[in-house]
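I opened this model to look at a sheet, a loop residue and an annotated domain. My notes follow in the order in which I looked things up.

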Amino acid sequence: MIKKLQKENMGKSNLGWLQSRFHFSFAEYRNPANMHFGVLRVLNDDLIQAKTGFDTHPHDNMEIISYIVDGEITHKDSMGNSETLKKGEVQYLSAGDGIFHSERNESDKILRLLQIWIIPPKKGLPRLYGSKRYTKEQRDNKFLNIVSSQDGNSDIKIYQDVNIYVSEFDKELEFEIKEGRQIYFVQIEGSSNINGTILDFGDAMEITNEDKIVINPISKSHILFIEMKK
């Protein structure tokens, strides 16, 4: 089954320095009927103005992935990590029993990122932090597995049983879905036809009880999807 989620129906916020599209109930968007999809708790599509950002704030018992769509993000945290990441690169942390961090756009251009929160398999797991500087070639006309579980094949490994894939493509791609698995799919840029359903940029899709997805780009496309157990 495929359920299309149009961007026009998602939660929105504009704080001036930050514009957000909320896929799930979060911050100013309160919707108890839309709290999560499987272990995916948050997916925010954020635009952060130059020389602004999220000042130091706490997290605990959540696995957080930031995928940079355009621009650059500077991360600092209470474990002593500090770095700047750019388009197509990924920053992640498992907050465990608590961590403080900041995420800022210190550049002169707008930063766009997808912030993804995954519910961990249990509370109080050891804290993790890391990043990966993926290249465009790694996601060009193929699926790049940017995040996996500890037992998976990605360079970035979190605790929860999920796989996150990205691709920038202009030809047909296929992905097989194993039994007992489901997908949350995001059209980041461009437009695509997925199993006969068209997504424009910013739209999303819940995919359940399907054995594969066939993705045909209508225009040059940039997508991200999260594969997880039901």
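I count two residues as in contact when heavy atoms of theirs lie within 4.5 Å. The model is predicted, and I read every entry below with that in mind.

Entry one, the loop residue. I looked up E89 and found it in the loop between β8 (82-86) and β9 (90-94). Is E89 buried or exposed? I note it as buried, because its relative accessible area is 11% and the cut-off for buried is under 20%. Leaving out residues up to four places away in sequence, I listed its contacts: S66, Y67 and I68, and also K132, R133 and Y134.

I traced an open sheet of four strands, ordered β16-β21-β18-β19, with antiparallel pairing. Its edge strands are β16 (173-176) and β19 (197-199), each of which pairs on one side only. From one strand to the next, the twist averages 25 degrees.

How many bridges join β16 to β21? I found four, with β21 covering residues 212-217 and the two strands running antiparallel. For E174, I recorded V214 in β21 as the bridge partner.

In UniProt, an unreviewed entry places "domain: Quercetin 2,3-dioxygenase C-terminal cupin" at residues 146-228. Over residues 146-228 I noted 61% strand and 0% helix. The end C-alpha atoms of that stretch are 14 Å apart.

Note on methods: Residues are numbered from 1 along each chain as its sequence is written. This is a predicted model: local features need pLDDT of at least 70, side-chain atom pairs count only at pLDDT 80 or more; totals for chains, interfaces and linings use all residues. Side-chain values use heavy atoms; hydrogens and water are left out. Two strands pair if DSSP finds at least two bridges between them. Axes are lines fitted to C-alpha atoms, for helices over the stretch in contact, and angles run from 0 to 180 degrees between N-to-C directions. Buried means under 20% relative accessible area, exposed over 50%, partly exposed in between (1.4 Å probe, protein chains only). UniProt positions are given in the numbering used here, feature names are shortened, and annotations may be inferred rather than shown by experiment.
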